[in-house]
Amino acid sequence: MNKKFTKKDLSFWHNLYIPEIVKGLGLTWKAMRGPKQTMEYPEEKFIPTGSYRGRPVLAMEENGEERCVACGLCSRICPALAIEVQAAETEREKERYPVKFEINMLRCIFCGFCEDVCPEEAIVMSDKYELVFDNREDAIFGKDRLLTPVEQLKPRIEFLRKHK
Amino acid sequence: MDQVIDNDLTYSRAVEALKKYAVETDDPLDNEMVLNMGPQHPATHGVLRLLLSLDGETVTNCVPMLGYLHRGYEKMAEDMNYYDYIPHTDRLDYLAPPSNNVAFVLAVEKLLGIEIPRRASYIRMINSELARIASHLVAIGAMVMDAGAMTVFLWCFREREKIQELYDLIMGARFTTSYTRIGGVSGDITDEAQAGILEFLDQFPETLDDLEKLLNANRIFVQRTDGVGVISAEDAIDLGVSGPNLRASGVEHDIRRAEPYLFYNEMDFKIPTYSNGDSLARYWVRMDEMRESIKIIRQAMEMMPFGDIMANSPKKAIPRKVEIYSKMEELINDFMLTNFGAEPPVGEVYHAVENPKGELGFHIVSRGEGHPWKMKIKSPSATNLQALPHLVNGHMISDVVVILGSLDPVMGEADK
């Protein structure tokens with residue numbers, strides 16, 4: 001731990017300030033020769049790990065069907081009221097499916113609660129973090145933009161099963 | 001100095017109060033000028049507005065006006081279940097979100113009477129201490145930048161960036177973490193994250209040394225802060241100042257020691273205390289606290305046992321994901337908890353933790369429903385700001401920003 005100085009403790013050399021400047025420049029020189037701390041973002045992309053909570057997506061099985069059974073838990077828990085689900089019945093094995101599943105990405109706060117409560121592993125926080133819209137309508141993601149093949153979500157799903 | 005300052009004053013009433021003060025203090029020529037500092041002033045750490053009464057360049061009185069970032073968080077809590085409220089606590093003291101999560105969740109757990117697994121407690125402790133380091137780094141960086149040094153600010157943010165990358169690995173988000181859950185934590189800490197924390201702890205003391213080399217004997221910094229904004233121990237206690245600001249005045253009070261929560265009673269750490277009570281002492285306390293936090297994290301990493309991260313208490317804590325997928329009972333619990341929330345018994349509870357800024361407490365009144373009937377947040381920034389008028393009197397305008405920086409308020413928390 002370095003010594004602490006009050007005004008009284010400062011010696012003539014400290015008050016002269018020149019040695020302090022030299023010391024400070026020395027540290028600056030050290031920092032200049034150190035590793036670079038920044039990322040050249042658009043050229044160099046940040047690659048998230050499995051723990052990362054990106055934008056929520058709906059998992060799609062290999063046969064093109066969604067896993068979601070439209071139970072509405074995600075919509076119920078969402079603190080930002082971003083999710084809207086409308087359920088319907090079908091002849092398929094799972095009997096229920098969402099006719100309409102919308103996430104308003106202007107409201108979403110990426111808290112991951114929807115994923116936390118989902119009993120079907122259907123809504124998953126992906127590793128996607130680039131979200132750009134030029135109008136409000138575009139920000140409401142329907143099923144067409146939410147459905148993502150399970151393979152793409154593998155790191156996150158593995159993380160969920162192992163660590164959650 | 002002895003004036004009672006009412007924070008609910010509207011602007012005109014505040015100006016009137018200052019004018020009345022000018023008359024009372026024998027200033028018939030009205031030499032004093034009222035200067036409006038903020039809410040858009042870059043040195044007020046957010047949207048704090050100060051009305052300064054000036055005699056030349058000397059501050060004679062000051063009225064802080066809070067409330068520009070008021071989002072009604074206490075009222076909102078009455079309308080949402082306990083689980084839903086966790087992300088909102090991130091946005092109180094947004095420089096230390098994991099710490100706020102822990103504070104809120106501990107209060108709720110006290111109300112519910114849940115015993116949480118040891119591993120979860122240790123993970124919470126590690127996160128809280130990481131948050132403390134991150135918060136103090138910003139506090140020091142901003143304070144020193146207010147005093148005129150840019151390098152320290154950049155170096156502090158460089159280190160904070162590393163902590164945020166760790167947040168990303170542990171909790172999944174860099175800023176609004178929403179990681180702690182009622183009954184435990186949302187996910188286990190990965191090996192990668194643990195290695196990352198240790199790596200950070202290994203190199204961090206060196207950076208602290210560098211920062212101290214730049215600042216401790218720096219004539220300009222010492223002269224700007226030594227003896228500036230002095231508050232005595234008695235005044236600090238009377239005004240409700242808490243956290244590092246209180247310890248800089250010589251009061252050795254730390255809730256981690258006074259009323260240990262989690263496993264702080266098992267940790268070996270010192271409580272840095274200085275008796276000067278000035279801005280310089282507040283900087284020293286923060287510097288030393290970061291070193292103590294390193295010690296705590298290291299001990300917690302060593303002592304952390306393997307095991308569950310979520311309490312096994314149906315109807316109170318959400319079960320683990322794998323169990324929800326495969327077991328009926330857990331699935332039903334998941335539905336019940338999501339729809340109705342954890343329903344605590346009728347009663348009141350207050351639980352406070354030592355946040356980086358000071359004592360953050362949640363007072364929850366429950367009527368047996370899934371949401372609080374009333375919730376009061378005791379936020380350290382708001383109470384610390386009450387001391388500001390007493391600190392700035394008699395100093396120059398340029399000292400106001402340094403004193404404010406040394407108090408380290410976060411307006412998200414002060415205005416709630």
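In this predicted model, helices α5(B) and α6(B) cross in a left-handed sense. The two helices, of which α6 spans residues 150-171 of chain B, pack at an angle of about 160°, with their axes 8 Å apart. Because angles over 145 degrees count as roughly antiparallel, α5(B) is described as roughly antiparallel to α6(B). On the side of α5(B), the contact involves residues including Leu130(B), Ile133(B), Leu137(B), Val138(B) and Met145(B), while α6(B) contributes, among them, Phe153(B), Phe157(B), Ile163(B), Leu166(B) and Tyr167(B). When the residues of this contact are sorted by class, 20 are nonpolar, two are polar and two are charged.

Helix α5 (residues 118-146) of chain B also packs against helix α17 (residues 397-407) of chain B, at an angle of about 175° and with the axes 8 Å apart. This pair, too, is therefore roughly antiparallel. The contact is formed by Ala139(B), Met143(B) and Asp146(B) from α5(B), which meet Val401(B), Val402(B), Gly405(B) and Ser406(B) from α17(B). By class, four of these residues are nonpolar, two are polar and one is charged.

Another helix pair in chain B is formed by α7 (residues 191-215) and α12 (residues 279-303), whose axes come within 11 Å and cross at roughly 160°. The two helices are therefore roughly antiparallel to each other, and the crossing of α7(B) and α12(B) is left-handed. Among the residues that make the contact, α7(B) supplies Ile197(B), Leu201(B), Phe204(B), Pro205(B) and Leu208(B), and α12(B) supplies Tyr283(B), Met287(B), Met290(B), Ile294(B) and Ile297(B). Charged residues also take part, including Asp202(B), Asp209(B) and Glu212(B) of α7(B) together with Arg291(B) and Arg298(B) of α12(B). Overall, the residues of this contact divide into 14 nonpolar, one polar and five charged.

Attention may also be given to the empty space in the model. Rolling a probe the size of a water molecule over the atoms shows where such space is left. The largest pocket has a volume of about 400 Å³, and its lining draws on both chain A and chain B. From chain A come Gln37(A), Thr38(A), Met39(A) and Phe46(A), whereas chain B provides Phe157(B), Arg158(B), Glu161(B), Lys162(B), Glu165(B), Asp168(B) and Arg174(B). Sorted by class, this lining has three nonpolar, two polar and six charged residues. Phe157(B), which is part of the lining of the largest pocket, also belongs to the contact of α5(B) with α6(B).

Terms used:
Residues are numbered from 1 along each chain as its sequence is written. Chains are lettered from A and ligands numbered from 1 in the order in which they are written. This is a predicted model: local features need pLDDT of at least 70, side-chain atom pairs count only at pLDDT 80 or more; totals for chains, interfaces and linings use all residues. Side-chain values use heavy atoms; hydrogens and water are left out. On a 1 Å grid over the protein atoms alone, a cavity is a set of points where a 1.4 Å probe fits but cannot get out, and a pocket is an open set with protein on both sides within 12 Å along at least five of seven lines; lining residues have an atom within 4 Å of a point. Grid points are joined across faces, edges and corners, and a volume is the space filled by probe spheres set on the points. Axes are lines fitted to C-alpha atoms, for helices over the stretch in contact, and angles run from 0 to 180 degrees between N-to-C directions. Helices (H or I, at least four residues) and strands (E, at least two) are DSSP runs, numbered from the N terminus. Angles under 35 degrees count as roughly parallel, over 145 as roughly antiparallel, 65 to 115 as roughly perpendicular and the rest as oblique. A crossing is left-handed if the near helix is turned anticlockwise from the far one by less than a right angle, and right-handed if clockwise. Contact means heavy atoms within 4.5 Å.
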